[in-house]
Amino acid sequence: MARKARNHALFKVGGLVELAGLLESDKGALLGGLLETAETWRDGPESPRF
């Protein structure tokens, strides 16, 4: 059941990547952008980076 839920979440994220037109982009650049975004979110809304 947990694997099915995880797979569903991964497919939804993949759909967002496709909608954004990023399927054909460089995977390293995409991962770098996502890591930067995750770091900004971890800093929270009071951070100037947010």
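Helix H1 is followed by glycine 21, whose phi is positive, near 75 degrees; helices here are DSSP runs of H or I with at least four residues, strands are runs of E with at least two, and both are numbered from the N terminus. The model is a predicted one, in which local features need pLDDT of at least 70 and side-chain atom pairs count only at pLDDT 80 or more, while totals for chains, interfaces and linings use all residues. Residues are numbered from 1 along each chain as its sequence is written, and side-chain values use heavy atoms, with hydrogens and water left out.

The protein contains two helices and zero strands. For H1, the end C-alpha atoms are 26 Å apart, in agreement with the 26 Å that its 18 residues should span at 1.5 Å a residue; the expected span is 1.5 Å times one less than the number of residues. Of these 18 residues, the number buried is zero, so H1 lies largely in the open. Buried denotes under 20% relative accessible area, exposed over 50%, and partly exposed in between, with a 1.4 Å probe and protein chains only. Asparagine 7 is placed in H1, which covers residues 2-19, and counts as partly exposed because its relative accessibility is 32%.

Helix H2 comprises 17 residues, 27-43, and reaches 24 Å from its first C-alpha to its last, close to the 24 Å expected at 1.5 Å a residue. Just after H2, glycine 44 takes a positive phi of about 90 degrees. Threonine 40 is located in H2 and, at 15% relative accessibility, counts as buried. The side chain of threonine 40 reaches the backbone oxygen of glutamate 36 at 3.0 Å. Between asparagine 7 and aspartate 43, the C-alpha to C-alpha distance is 28 Å, at a sequence separation of 36 residues.

Over the whole protein, the radius of gyration is 14 Å, whereas a compact globule of 50 residues would have a value near 10 Å. This radius is taken over C-alpha atoms, and the globule rule is 2.2 Å times the number of residues to the power 0.38. The C-alpha trace spans about 35 × 30 × 15 Å along its principal axes. Of the 50 residues, 8% count as buried. The accessible surface comes to about 4,600 Å², with 65% belonging to carbon and sulfur atoms; areas come from the Shrake-Rupley method with a 1.4 Å probe, and for residues only the protein chains shown count as cover.

Definitions and conventions: A polar contact is a pair of N or O atoms within 3.5 Å; within protein, one must be able to donate a hydrogen and the other to accept it, and residues adjacent in sequence count only if both atoms are side-chain atoms.
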